[in-house]
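This report covers salt bridges, a metal site and a surface patch. Please keep the sequence and structure in view while reading.

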Amino acid sequence: MGEETESSVKRENQDVKDEDTVKYYTREEVQNHNMSNDTWLIIHDKVYDITRFMEEHPGGEEVLLEQAGADATESFEDVGHSTDAREMLQQYYVGELHMDDRNKVSKKEVYITTSKDSRSWSSWLIPSLAAVLVGFMYRYYMLEHRSS
Ligand code: HEM
């Protein structure tokens, strides 16, 4: 009986999540939830309250406590969590990371743009050098041919 009530409450919470009532939290706000009885995590710009999951985590409570209140995206991905683990996340969703605090993505974009620039620079230089080389080889061949 007790279990049934709990799962229907969970379903209600998920319905609320799908509507336009998404909450945004700053990194600072998430950092305040860094205790074993109040633990939040950021994974892929989403905020999770994992307090009631701590003891159930197959990877142990300690690794989660180390990340408490912080962005655990990298460590979560490093472990190579299963699809089941990713689906479990939904149960603990409380909101989204504030747009102003999603700086990691924009830094990556700048880096990619720079590397693309250098690639386009080499993409015309190498064929040009090859063309010049072929030209010289052709001239050399013609001269050799004429003199013999
Ligand atoms: C709320 C977020 C998380 C959920 C729902 C979750 C869930 C799970 C689940 C279901 C497993 C069993 C294996 C699998 O199905 O992939 C697992 C294993 C593991 N998790 Fe997590 N995890 C979370 C966050 C983290 C974080 C942030 C870390 C690292 C700091 C971590 C470290 C590990 C490790 C090391 C194992 C492997 C345990 C073993 O194979 O012995 N997990 N986790």
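## Salt bridges

K46 is partly exposed, at 32% relative accessible area (partly exposed lies between buried, under 20%, and exposed, over 50%; 1.4 Å probe, protein chains only). The model is predicted: local features need pLDDT of at least 70, side-chain atom pairs count only at pLDDT 80 or more, and totals for chains, interfaces and linings use all residues. Residues are numbered from 1 along each chain as its sequence is written, and side-chain values use heavy atoms, with hydrogens and water left out.

K46 forms a salt bridge with E96, with the closest N and O atoms 3.1 Å apart (a side-chain nitrogen of Lys or Arg within 4 Å of a carboxyl oxygen of Asp or Glu). This pair links distant parts of the chain: K46 sits in strand β4 and E96 in strand β5 (residues 93–97), 50 residues apart. Strands are DSSP runs of E, at least two residues; helices are runs of H or I, at least four; both are numbered from the N terminus. E96 is buried, at 11% relative accessibility.

How many salt bridges does the rule give? The count is 4. D71 and R27 form one of them, at 3.4 Å from N to O. D71 lies in the loop between α3 and α4, R27 in helix α2 (residues 27–31), and 44 residues separate these distant parts of the chain. E77 pairs with R86, the closest N and O atoms being 3.0 Å apart. Shared partners join K46, E96 and R102 into one network of salt bridges. E77 is partly exposed at 29%, and R86 is partly exposed at 33%.

## Iron site

H57 and H81 coordinate the iron atom of the ligand, each through NE2, at 2.0 Å. Donors are N, O and S atoms within 2.8 Å of the metal (3.2 Å for Na, K and Ca); water is not among the atoms, so sites may look incomplete. H57 is in the loop between β4 (46–49) and α3 (61–67), and H81 in the loop between α4 (73–79) and α5 (83–89), so the pair ties together parts 24 residues apart in sequence.

The site is octahedral, with angles of 88 to 179° among 6 donor atoms. Six donors count as octahedral if opposite donors are over 155 degrees apart and all others between 65 and 115. Ideal angles for six octahedral donors are 90 or 180 degrees. H57 is buried, at 14% relative accessible area. H81 is partly exposed, at 21%.

## Nonpolar patch

V22, Y24 and M99 form a nonpolar surface patch, with about 290 Å² of accessible area together. Patch residues have over 30% relative accessible area and no salt bridge; nonpolar side chains (Val, Leu, Ile, Met, Phe, Trp, Tyr) are joined within 5 Å, like charges within 9 Å. Areas come from the Shrake-Rupley method with a 1.4 Å probe; for residues, only the protein chains shown count as cover. Y24 belongs to strand β1 (residues 24–25). Y24 is partly exposed, at 43% relative accessibility.

How values were computed
Tetrahedral: all angles 85-135°; square planar, octahedral: opposite > 155°, others 65-115°.
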